[in-house]
Amino acid sequence: MKIKIIHNYTYTKMKNLLTAIAVLLTTQLFAQTHEIIKHNGEKIEINFIKTEGNLVFYSLPNSAEEKKISRYAVAQLNEKSKNNSQILSKKIDVINQSDYNKVIVLKESETIGLQKSNDLTGFLGKIKGETRWSMPEMGEKRLKQNAAKKGYPFIVITSNKTDNLKAIGYTY
């Protein structure tokens with residue numbers, strides 16, 4: 001009987017000790033605070049999780065909820081514990097229509113953190129000798145030119161039909 005009681009007592013102490021060690025080790029993983037500096041100058045204290053595609057995943061301090069922001073909205077990611085910084089994207093300056101090559105086409109899910117601007121529309125007349133496979137490329141080019149003319153570095157194409165070109169412009 002004494003051996004069983006001592007064994008249960010030792011087992012409970014060992015379990016508590018292992019739990020305490022696990023908590024101490026994992027809090028270091030979640031306590032890594034970073035700072036995001038957005039292109040518009042805003043600074044946000046975060047716990048960095050990962051970057052995947054055109055998105056940065058993070059959580060706010062004292063929160064386990066995972067959030068995301070467009071990689072293009074973030075200029076820099078600073079790791080406070082090591083004084084290390086990483087540039088995530090360079091600011092895109094679109095001045096006039098000739099800068100249309102700088103305009104980036106994004107998916108709607110990749111615009112988190114960017115500011116939605118005006119709708120862009122256009123019309124693409126069919127040119128003699130053009131194939132139907134080249135029309136979407138020409139429509140995208142026309143929408144990029146319209147976005148560049150208005151100073152929008154990002155667009156989300158909502159319709160790329162020859163008679164109905166539509167996109168939404170985004171800025172920092």
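Modeller: Happy to! Let's begin with a term: contact means heavy atoms within 4.5 Å. Keep in mind, too, that this is a predicted model.

Colleague: Which residues is serine 70 in contact with, leaving aside its neighbours within four places in sequence?

Modeller: They are Asn54, Leu55, Glu110, Thr111, Ile112 and Leu114. Serine 70 itself is found in strand β4, residues 66-70.

Colleague: Why does serine 70 count as buried?

Modeller: Buried means under 20% relative accessible area. Serine 70 has a relative accessibility of 0%, so it counts as buried. In the chain of 172 residues, buried residues make up 34%.

Colleague: What makes a set of residues a nonpolar core?

Modeller: The members are buried residues of kinds such as Leu, Ile and Phe, joined through side-chain atoms within 4.5 Å. The largest nonpolar core here has 32 residues, and Ile36, Ile69, Leu114, Phe154 and Ile155 touch the most other members. Among the elements giving two or more residues to this core are β2 (43-52), α2 (135-150) and β9 (154-161). In soluble globular proteins, nonpolar side chains tend to be buried together.

Colleague: Which residues does isoleucine 155 touch, not counting those up to four places away in sequence?

Modeller: Its list includes Val103, Val105, Leu120, Leu143, Ala147 and Ile168.

Colleague: And how many helices and strands does the chain have?

Modeller: There are 2 helices and 10 strands. From the N terminus on, they run α-β-β-β-β-β-β-β-β-α-β-β.

How values were computed:
Residues are numbered from 1 along each chain as its sequence is written. This is a predicted model: local features need pLDDT of at least 70, side-chain atom pairs count only at pLDDT 80 or more; totals for chains, interfaces and linings use all residues. Side-chain values use heavy atoms; hydrogens and water are left out. Buried means under 20% relative accessible area, exposed over 50%, partly exposed in between (1.4 Å probe, protein chains only). Helices (H or I, at least four residues) and strands (E, at least two) are DSSP runs, numbered from the N terminus.
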